Amino acid sequence: MIRQKSSQFMALKLQSELEQPSELQREHQKDLSSVDGSVTRMVTGVRTESRTAASIEADEDPAANLFPPPLPQPRICVWKYLDIHSMHRLEKTANTEEMREVLAELLGLSCPEQSLRDAITLDLFSHALLFCRQHGFSLEQTSAACALLQDLHKACVATPLGNVEECYRYFTSVLFCHGVKRPPFSINLFREEQLLALADYVVNTYFRHFKLYKYVFTPQVRLDLSLTYMGLQPPKLWPEDETEKGGEEAKEQAVTPQEEPETVVLPEPEPEPEPEPSQVSILQAYIRTQMNKELRQLQQLMEERLQASEERLSSKLTTLEQPFQLPSGKGKNKTK
């Protein structure tokens, strides 16, 4: 019994000794995982900082925004910009002037009388509201139509480059998001005739003046093109100071009509050395010779083609002018 207990005790001791290094390994692994986590946090922080710096540089660089940005995904836009309270305020207006004042306040247009862009934006949405009232749109339909027009305008002015086809595809996709019952992607807000009327209105008002809206709301893009030839020195320009001095000396040496001209014997001018041809003139002469060579080859090719076509036409005419003759075998059969 004593031996069995001692053996059990020794087994438990060995098991506890084996478990202790495993616990130490677990603690070591925990420390390593915490270190790895801190390192990954530092790396991600550096990456986010580098991304933010790159985005700031892209915003500062005007050439980085030359490509048109991607358009947003079409979504349901009911009560997106004009909520129910705003629509009730617009519904209570008695005349067009009052409606324009309330609409300017809701859209955040500070001074449409002084700013051309604010005035154009106010005209765009005020006429859209009048269209919705004429066709009997509800408050939800009017809010969705104004939001659709606002998203289309944002897509138009996002870039100075031409993107009328992309904007039209985006407009039709957003329009169908409010005409087909397929929740949660689209709802059946407009009827078929209302969709057609809204599409015709936007095409005849906004897309017909698409370039005018882009001209007013986007910066002008200019292309500055300069060509440099490798291995050529730029032409030397005379400084302005020397030309001005030469003009002043010429004025001083001019003789007034009151004074009698003095006879001055001038020495004969020495013959000036002929100027060496510059590299630009050499390049121009080389380009001229190459152009003449290409033109001569092109002229010769055209002449050969014309001659070949004339020969083909003449051969066809000769075949047509010859009389039609039956083969000899058929004629003998008939005589028999």
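The model is predicted: local features need pLDDT of at least 70, side-chain atom pairs count only at pLDDT 80 or more, and totals for chains, interfaces and linings use all residues. Residues are numbered from 1 along each chain as its sequence is written, and side-chain values use heavy atoms, with hydrogens and water left out.

The protein has eleven helices and two strands, where helices (H or I, at least four residues) and strands (E, at least two) are DSSP runs numbered from the N terminus. Along the sequence the pattern is α-α-α-α-α-α-β-β-α-α-α-α-α. Of the 336 residues, 20% count as buried (under 20% relative accessible area, 1.4 Å probe, protein chains only). Among contacts (heavy atoms within 4.5 Å) between residues at least 6 apart in sequence, 67% join residues at least 24 apart.

Helices α2 and α5 pack with their axes 10 Å apart, at an angle of about 105°; α2 is therefore roughly perpendicular to α5 (65 to 115 degrees). The axes are lines fitted to C-alpha atoms over the stretch in contact, and angles run from 0 to 180 degrees between N-to-C directions. The residues in contact are as follows.

| Helix | Residues in contact |
|---|---|
| α2 | Ile84, Met87, His88, Glu91 |
| α5 | Leu139, Thr142, Ser143 |

Asp118 lies in helix α4 (residues 116-134). Asp118 is buried but forms no salt bridge, and the nearest side chain of opposite charge, Arg117, is 7.8 Å away. A salt bridge requires a side-chain nitrogen of Lys or Arg within 4 Å of a carboxyl oxygen of Asp or Glu; Lys and Arg count as positive, Asp and Glu as negative, and His and the chain ends are not counted. Beyond its neighbours within four places in sequence, Asp118 is in contact with Leu109, Ser110, Cys111 and Pro112.

Methods: Angles under 35 degrees count as roughly parallel, over 145 as roughly antiparallel, 65 to 115 as roughly perpendicular and the rest as oblique. Buried means under 20% relative accessible area, exposed over 50%, partly exposed in between (1.4 Å probe, protein chains only).
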